[in-house]
Amino acid sequence: MTSRRDFLEKIAVSTIGLPFLSFANTACAEAEGPVADGKVLRVAIMGLGGYGTRVAEAMQSCTRAKLTGVISGTPSKIKDWQSKYNIPEKNCYNYENFDNIKNNPDIDAVYIITPNGLHKEQTIRVANAGKHVICEKPMANNARDGQEMVNACKAANVKLLIGYRIHFEPKTLEIVRMRMDGEFGKVKFFQGLSGFTIGDPKQWRLNKELAGGGALMDIGIYAINGSRYMIGEEPIWVTAQETKTDPAKFKDGVDETIQFQLGFPSGAVASCLSTYAMNNLDRFFLTAEKGYALLYPSTGYGPIEGETHKGKLMHPHKTHQTVQMDEMAAIIFDDKKPVVPVDGQEGVKDMKIIDAIYEATRSGKSVDIRM
Ligand code: NAD
């Protein structure tokens, strides 16, 4: 595989070699936008549902990532995606035969975008097939499963990245930069509000086995993850309170609303709300010795809006998943280190906090967190 730049240079010199160029190179030639250096990451998406569809659309504007395969249990969806994205038959798999992807040189990585409870088994199978794994959040149903996924990818010598698209969002990164440069002084308090009103009671998000829990797994994880990159520390304790107004819809083990508080080594605290029963909750607020930061909306698909004590954040919106996939290509192929990590261990940290929050709701006591 060669870089897009190498490829363009080759075209300029001669077109004789064109029939022998790999599919990856063709992908480079078709990519739109500015020329990017480096190899193109050829990705198969597993799970052609709502978010998988969004990622595929966004990848059409990538310069370093290209959709080259699909894994799905629904043949009609595979056919639609094949014609829409020009995916050859030999790059299409189902949930039974996708281990065969190990023999497919047109696929470098599999992006797992299926219900949470399936991520562990699917990640381990992809790793054992020798392909890099990008896995959606939450990475698993609990920290133990997440750690098994990290270990499996390490043993197979493949990278494991978690779909934390917001870790590449420019306004978010500006606040992280200001915090790292000391422009806020000592951080004192973070508030993270993450929630929406969920519809269909039969969906997998309200099934304990497939979702691993309820709102906390799906949307509350944004407040957890946000508290860590906004404050810049790892929490050491948590207290939490659960409330449920609709026990028929939110069965045992499926949380509707949880408020939680996190304590950090510096003395900073976070106060967060995770819910499936209220709308317009997508807001981060950080207050510190010398200033403040506000993101509202903070983690939706954007545009993210924000301000600090220095004024409104004006960074232009870019489709999150496009930026994410180009950056992930650089992480996988060039060992690029993102400002806010997206590796498997980062995912395990969020899972440890989730485990501790659930324990705190059950016990009513403060729970220590050990990273
Ligand atoms: P979805 O229900 O729209 O799609 C899930 C897909 O998985 C469907 O195509 C479905 O057919 C397939 N699937 C395979 N096995 C299944 C099974 N046993 N039961 C149900 N579906 C099965 O869900 P989604 O919104 O695309 O979410 C998928 C994953 O992506 C979740 O982990 C979710 O948390 C994550 N997600 C992330 C973001 C983000 O912004 N990073 C946004 C939405 C969803």
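Let's start with helices α6 and α11: α6 covers residues 143–155, α11 covers residues 344–363, and their axes come within 8 Å and cross at roughly 170 degrees. Angles over 145 degrees count as roughly antiparallel, so α6 is roughly antiparallel to α11. Keep in mind that this is a predicted model.

**Where α6 meets α11**
- On the α6 side, the contact uses Ala143, Gly146, Gln147 and Val150.
- Facing them from α11 are Gly344, Gln345, Val348, Met351, Lys352 and Asp355.
- Sort the residues of this contact by class and you get four nonpolar, four polar and two charged ones.

**Where α3 meets α10**
- Two packed helices are described by the angle between their axes and the distance between the axes.
- For α3 (residues 50–59) and α10 (residues 320–334), the angle is about 70 degrees and the axes are 8 Å apart.
- Angles from 65 to 115 degrees count as roughly perpendicular, and α3 and α10 are therefore roughly perpendicular to each other.
- Helix α3 brings Tyr51, Arg54, Val55, Ala58 and Met59 to the contact, while α10 brings Gln321, Thr322, Gln324 and Met325.
- By class, the contact of α3 with α10 has five nonpolar, three polar and one charged residues.

**Around the ligand**
- How many residues surround the ligand? There are 23 of them, and the closest are Gly50, Asn116, Lys137, Arg165 and Trp204.
- Arg165 also has an N or O atom in its side chain that sits 2.7 Å from an oxygen atom of the ligand.
- His119 uses its side chain instead: one of its polar atoms lies 3.3 Å from an oxygen atom of the ligand.
- Taken alone, the ligand exposes 840 Å², and the protein buries 77% of that.

- Lys137, one of the closest residues to the ligand, is joined to Pro138 by a cis peptide bond with omega about -15 degrees.
- Pro138 belongs to the loop between strand β5 (132–135) and α6, the helix that pairs up with α11.
- Which other peptide bond is cis? The one from Gly302 to Pro303, where omega is near 0 degrees.
- You can find Pro303 in the loop between β12 (291–295) and β13 (306–308).
- Asn157 isn't a glycine, yet its phi is positive, near 60 degrees.
- Look for Asn157 in the loop between α6 and β6 (160–162).

How values were computed
Residues numbered from 1 in each chain as written. Predicted model: local features only at pLDDT ≥ 70, side-chain atom pairs only at ≥ 80, totals over all residues. Heavy atoms only, no water. Axes fitted to C-alpha atoms, helices over the stretch in contact; angles between N-to-C directions. Helix = DSSP H or I, 4+ residues; strand = E, 2+ residues; numbered from the N terminus. Parallel < 35°, antiparallel > 145°, perpendicular 65-115°, else oblique. Contact = heavy atoms within 4.5 Å. Nonpolar A, V, L, I, M, F, W, Y, C, P; charged D, E, K, R; others polar. Near = heavy atom within 4 Å. Polar contact = N/O pair within 3.5 Å; in protein donor to acceptor, adjacent residues only side chain to side chain. Areas by Shrake-Rupley, 256 points an atom, 1.4 Å probe, with all protein chains shown as cover.
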